Amino acid sequence: MRTVLVTGPGGAGRTTVAAATALAAARRGTRVTLLTPDRVPGELGGVTVRRIDSAAHFRAELLAFQDRAGVALDLLGASRLDAEELTELPGAEQLALLSALREAAAGEPDLLVVDLPPTDRALAALALPEQLRRYLRRLLPPERQAARSLRPVLAQLAGVPMPAQWLYETAARWDLELAAVQAVIEDPGTTVRLVVEPGPAAADALRTARLGIALHRLALDVVVANRLLPAETPDPWLAGLVAQQRKHLDELTGEFSAVHEVAHLGRDPRGDDDLELLGCRAPAEPAGAPAWTIEDRIAEDDVLVWRLALPGAVKDGLALVRRGDELLLTVGPFRRIVPLPSALRRCTVTGAGLNDGVLDIRFTPDPELWPRGR
């Protein structure tokens with residue numbers, strides 16, 4: 001399955017580009033599913049449109065959890081909540097998106113186009129499966145389930161009640177669902193399509209987006225320069241806007257390898273004919289994610305070098321912390337906890353350097369953990 005995640009700064013026309021991308025692929029005979037929280041500007045013939053309803057998802061999930069925890073709630077004398085009194089809480093939008101992504105992917109379309117929120121919120125949502133699974137493993141380690149028969153004894157010794165089986169079962173179910181979403185996000189066939197309207201803030205917004213995409217090991221599909229005005233116009237006021245837009249478009253094409261231009265129709269697109277006029281391209285073969293490789297320099301310098309491609313990263317916004325078998329990596333406004341490859345877990349960090357968008361982290365083998373003769 002090919003997946004295209006469409007995002008960009010707010011107001012850049014993400015939903016329209018996502019719909020036009022899905023329609024272009026469907027016109028070529030591809031089985032396409034479009035996942036979106038908004039109404040699309042057309043019928044999208046040949047495209048299966050699935051709408052993300054975060055309010056309905058929040059109610060359904062909370063009521064289901066309330067039913068599963070019914071015995072415990074009754075013991076506490078809790079008063080059950082009714083569906084009519086539930087309003088979604090902050091974060092419900094992200095969880096609804098992940099659930100809808102998992103369900104849409106389960107249908108195995110040839111192409112899944114996902115209309116994401118603005119870039120900062122989109123990257124936060126895409127990072128959630130990995131983060132939440134890590135929290136679950138720390139708070140409710142699966143291996144502790146093996147001691148079910150000992151829980152009454154442990155409860156007496158500790159003087160506190162042990163977690164109930166339903167809690168472990170719920171955690172295991174969540175982990176499976178999150179793993180399915182994470183598999184879609186990390187699949188080699190998944191890419192990100194960035195939509196932007198060229199202007200003074202466009203290049204900075206895209207640089208930040210590219211950095212976050214690289215940190216989370218996602219592949220960039222293309223940059224869509226949306227709503228481009230006609231190159232020539234007799235109106236001097238409009239000519240000034242065109243000149244400004246073209247200046248920033250040249251900046252984008254000089255910095256990003258794949259930029260696709262989409263013209264302004266002079267109106268909001270309405271219907272499939274307008275979407276086709278935009279000329280959005282169907283996704284091509286997926287590009288690879290930024291490379292993170294290990295270079296063996298033990299023979300020369302007695303180090304292994306972990307090379308992380310982070311285009312656009314600067315030293316002032318970079319922080320590294322080794323914590324056990326994980327690396328806490330902060331790059332600009334983004335932060336990710338990355339598990340170390342197995343070979344590097346038997347090493348100590350001895351230095352790091354950032355050059356031309358590549359972070360080199362040097363690891364020296366620990367003689368007590370490294371095999372003799374290596």
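1. The chain folds into 11 helices and 14 strands; helices (H or I, at least four residues) and strands (E, at least two) are DSSP runs, numbered from the N terminus. Bear in mind that this is a predicted model, where local features need pLDDT of at least 70, side-chain atom pairs count only at pLDDT 80 or more, and totals for chains, interfaces and linings use all residues. Residues are numbered from 1 along each chain as its sequence is written, and side-chain values use heavy atoms, with hydrogens and water left out.

2. On overall dimensions, the C-alpha atoms fill a box of roughly 85 × 65 × 35 Å along the principal axes. Of the 374 residues, 43% count as buried, where buried means under 20% relative accessible area, exposed over 50%, and partly exposed in between (1.4 Å probe, protein chains only). Take the contacts with a separation of 6 or more: residues 24 or more positions apart account for 66% of them. Contact here means heavy atoms within 4.5 Å.

3. Have a look at Asp-221, which lies in strand E6 (residues 219-228). Its relative accessible area is 14%, so Asp-221 counts as buried. The side chain of Asp-221 has a polar contact of 2.8 Å with the side chain of Arg-193. For the cut-offs, a polar contact is a pair of N or O atoms within 3.5 Å; within protein, one must be able to donate a hydrogen and the other to accept it, and residues adjacent in sequence count only if both atoms are side-chain atoms. Setting aside neighbours within four places in sequence, Asp-221 touches Arg-2, Val-4, Thr-191, Val-192, Arg-193 and Ala-258. Ala-96, on the other hand, is 125 residues from Asp-221 along the chain, with 24 Å between the C-alpha atoms.

4. Arg-193 turns up again with Thr-21, through a side-chain to side-chain polar contact of 3.2 Å. Thr-21 sits in helix H1 (residues 14-26) and is buried because its relative accessibility is 0%. Beyond four places in sequence, the contacts of Thr-21 are Arg-193, Cys-280, Arg-281 and Pro-283.

5. Next, helix packing. Two packed helices are described by the angle between their axes and the distance between the axes. For helix H8 (residues 202-215) and helix H9 (residues 236-255), the axes come within 10 Å and cross at roughly 25 degrees. Axes are lines fitted to C-alpha atoms, for helices over the stretch in contact, and angles run from 0 to 180 degrees between N-to-C directions. H8 is therefore roughly parallel to H9, given that angles under 35 degrees count as roughly parallel, over 145 as roughly antiparallel, 65 to 115 as roughly perpendicular and the rest as oblique. On the H8 side, Ala-203, Leu-206, Arg-207 and Arg-210 make the contact, and H9 supplies Glu-251, Leu-252 and Glu-255. By class that is 3 nonpolar, no polar and 4 charged residues; Ala, Val, Leu, Ile, Met, Phe, Trp, Tyr, Cys and Pro count as nonpolar, Asp, Glu, Lys and Arg as charged, and the others, Gly among them, as polar.

6. What about helix H4 (residues 92-106) and helix H5 (residues 119-139)? Their axes come within 10 Å and cross at roughly 70 degrees, so H4 is roughly perpendicular to H5. H4 contributes Glu-93, Gln-94, Leu-95, Leu-97 and Leu-98, while H5 brings Arg-121, Ala-124, Ala-125, Leu-128, Pro-129 and Leu-132. The residues of this contact divide into 8 nonpolar, 1 polar and 2 charged.

7. Is Leu-112 buried or exposed? With a relative accessible area of 0%, Leu-112 is buried. Leu-112 belongs to strand E4 (residues 111-115). Leaving out neighbours within four places in sequence, its contacts are Met-1, Arg-2, Thr-3, Val-4, Thr-33, Leu-35, Leu-101, Ala-104 and Ala-105. Gly-332 is 220 residues from Leu-112 in sequence and 30 Å away, C-alpha to C-alpha.

8. Finally, two backbone angles to check. Leu-44 has phi near 55 degrees, a positive value in a residue other than glycine. Leu-44 is in the loop between strand E2 (32-36) and strand E3 (47-51), and is buried with a relative accessible area of 1%. Asp-356, also not a glycine, has a positive phi of about 50 degrees. Asp-356 lies in the loop between strand E13 (347-355) and strand E14 (358-365), and counts as exposed because its relative accessible area is 82%.
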